[in-house]
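Biologist: I am new to this one. Please show me the structure, and then I will ask about it piece by piece.

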Amino acid sequence: MKIRLDNVVKTFDTFRAVHGVSLDIASGELVALLGPSGSGKTTILRMVAGLEYADGGHIYFGEQDATDIPVRDRGVGFVFQHYALFPHMTVGENIAFGMKVSKVKRSKQQMEARVAELLRLVKLDNLGGRFPSQISGGQRQRVALARALAVDPKVLLLDEPFGALDANVRRDLRRWLREIHEELGITTLFVTHDQEEALDLADRVVILNEGKIVQEGTPEAVCRNPNSAFVMNFLGDANRLGATVANGKAEIGGASLEAAGFGDGAASVYLRPRDLDWSATEPGIAATVTRVIDKPDGRRILARTAGGEQVELDVPPETVARAGDQGFVRIHRARVFAESASN
Amino acid sequence: MRRRVLPGLTLSLGITLFYVGLIVVLPLGALVFKAASLGPEDYWRIVSSARAVASYRVTVLSALAATAFNLVFGMALAWVLVRYRFPGRRLIDAIVDLPFALPTAVAGIALTTLFAQNGWFGSVLAEAGIKVAYTPLGIMVAMSFTSLPFIVRTVQPVLEDLDPALEEAAQTLGGSDGAIFMRVILPLLTPALLAGVSLSFARSLGEFGAIIFIAGNQPMETEITALLTFIRLEEYDYQAAAAIASVLLITAFVMLAITNLMQARALRYTEKTRA
């Protein structure tokens, strides 16, 4: 099922949570809504589900305007961050709930067969008789997914589905959700504040800030071509250095970067730690090492430039550096953005 | 014994057990002892006399009716207090406890005044042909008044802690409001409701002060068991008083035991190990 959001607006009391968001999601696509807390991503998801009403704009499911369809008739599967399993029902009863309250009557055997099939899909075959309090967090979230899938939803919506889980459980579940999505081909929209999760899982990433879409595209597109300092910062560690643009060149004390299309004046240069290198000799930006952090896959050098700005570099493990060393930061890759309020 | 984080288990256990023994068990034991001194035949004669049986009937039936009324009304009140924000909510929340604070005799006199033939409520109800004061209906009114806070106060915290996502999940799964209430909310409230019901019922069985003013106290009709016990005491027939009171005691005990069992069953799902 294709989903289309057309200029959707939501205001809570006086706070505008979502400003005119428009978004197209193709049938069978797996899309991540990524943003910091307060960016409106969960509100958008809840409006698609019908758990919140849009104050303006329209939400289409296929060709049908679903804006005013109540949640119980909208046919969405929703997975909550804290699972929201019914504690007084067994795993099997939780999964069967949607079928039991459905207007479509099913026989007991049909329901049992469907529950067994879903338990197999989420790899919890033997746990149908347990209560939610008797299984682990990762298992609970899988039950929540099976429960959402039981009534054959047109759309699957997940609100920070792995947010409450341990890092390694999270990684496993991510891969597993991707597999299930490939198997079922159901249109899926999920919310996360974890950029790694969004990039790992989604076909397309929609980055939100302050209730607006900042950038959308494939993980490759948003990673390689962030369109703003906000996206650059949000997707991963980034250093910011002040620069002066003159004649299409951005000058940072000791280095010069291509900055075609920028007017003369102040600009910001954003650099990933891995796109920098440390050298004892010129050329480069003169800097002093303040600290070195060793990691299994390399070293991170924290340095202060001659201009007094902090820089972090991820360098190969062989690099020789010690706190107090004087040296030069070499730039392999960088992005220049016009000076803006956000840093 | 395993070491605890907080010290003083032995001391605190000793003090509490001694206190419970002194304040609760000793008087009850004396009551049972006094009743037992009657001998089985006399005991049976007293507790099965027509007047005593009539008093059990009116007490238990009124208490059941009052509890059933409080079950519905108390739950509705708790629901409104938790789910809605309206001016005066805090005031109503405070008023709920008033029946606990008010001397029951004062409550009885106030209710009698209101429900008497010429009272504010009584005169209106009389026109409709309903008589409350000096009838079993009056007993129910007094009982439901004094035991109202129990169900509200047991259900309220559970309702407050109920995760709104549970209802939202049920909605996304296609549940109607009725289905969500019956299959999700009510089962989760059941343990609290049972606790409230058992307290409310036990309190109603033993209520005295509020009832004697409004009941009329006609033997065989509107005489409650607690009053009959009191009458026997005034006649210096302590053994008969103890015998009749023991019936109330046993009823309350059995009823509390049953609701505790039901509660344990309703809370099965919280067991950590596989049931």
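Biologist: Among contacts in chain B between residues at least 6 apart in sequence, what share join residues at least 24 apart?

Modeller: First, the ground rules: this is a predicted model, where local features need pLDDT of at least 70, side-chain atom pairs count only at pLDDT 80 or more, and totals for chains, interfaces and linings use all residues. Residues are numbered from 1 along each chain as its sequence is written, chains are lettered from A and ligands numbered from 1 in the order in which they are written, and side-chain values use heavy atoms, leaving out hydrogens and water. Contact means heavy atoms within 4.5 Å. Among chain B contacts between residues at least 6 apart, the share joining residues at least 24 apart is 74%.

Biologist: How many helices does chain B have?

Modeller: Helices (H or I, at least four residues) and strands (E, at least two) are DSSP runs, numbered from the N terminus. Read along the sequence, the pattern of chain B is α-α-α-α-α-α-α-α-α-α-α-α-α. Chain B has 0 strands, and its helices number 13.

Biologist: At which residue does α8(B) bend?

Modeller: The bend at a residue is the angle between axes fitted to the seven residues ending there and the seven starting there. In α8(B) that angle is about 45°. A proline, P149(B), follows within four residues of the bend, which is at S147(B).

Biologist: Is S147(B) buried or exposed?

Modeller: Buried means under 20% relative accessible area, exposed over 50%, and partly exposed in between (1.4 Å probe, protein chains only). Leaving aside neighbours within four places in sequence, S147(B) is in contact with N70(B), S200(B), R203(B) and S204(B). The relative accessible area of S147(B) is 0%, so S147(B) is buried.

Biologist: Which side chain makes a polar contact with the side chain of E223(B)?

Modeller: A polar contact is a pair of N or O atoms within 3.5 Å; within protein, one must be able to donate a hydrogen and the other to accept it, and residues adjacent in sequence count only if both atoms are side-chain atoms. E223(B) sits in the loop between α11 (209–215) and α12 (225–234) of chain B. At 2% relative accessibility, E223(B) is buried. At 2.6 Å, the partner side chain is that of R51(B).

Biologist: Turn to chain A. What percentage of its 343 residues are buried?

Modeller: Chain A comes to 9 helices and 20 strands. Its C-alpha atoms fill a box of roughly 80 × 45 × 35 Å along the principal axes. Of the 343 residues in chain A, the buried part is 52%.

Biologist: Is G28(A) buried or partly exposed?

Modeller: G28(A) lies in the loop between β2 (15–25) and β3 (30–34) of chain A. With a relative accessible area of 23%, G28(A) is partly exposed.

Biologist: Which element gives the largest share of the lining of the largest pocket?

Modeller: The largest pocket is lined by 18 residues, and those nearest its centre are C223(A), R224(A), L235(A), R272(A) and D275(A). The elements giving two or more residues to that lining are α7 (195–201), α8 (219–224) and α9 (229–235) of chain A. The largest share, 3 residues, comes from α7(A).

Key:
1 Å grid on protein atoms, 1.4 Å probe; cavity = no way out; pocket = protein on both sides within 12 Å on 5 of 7 lines; lining within 4 Å.
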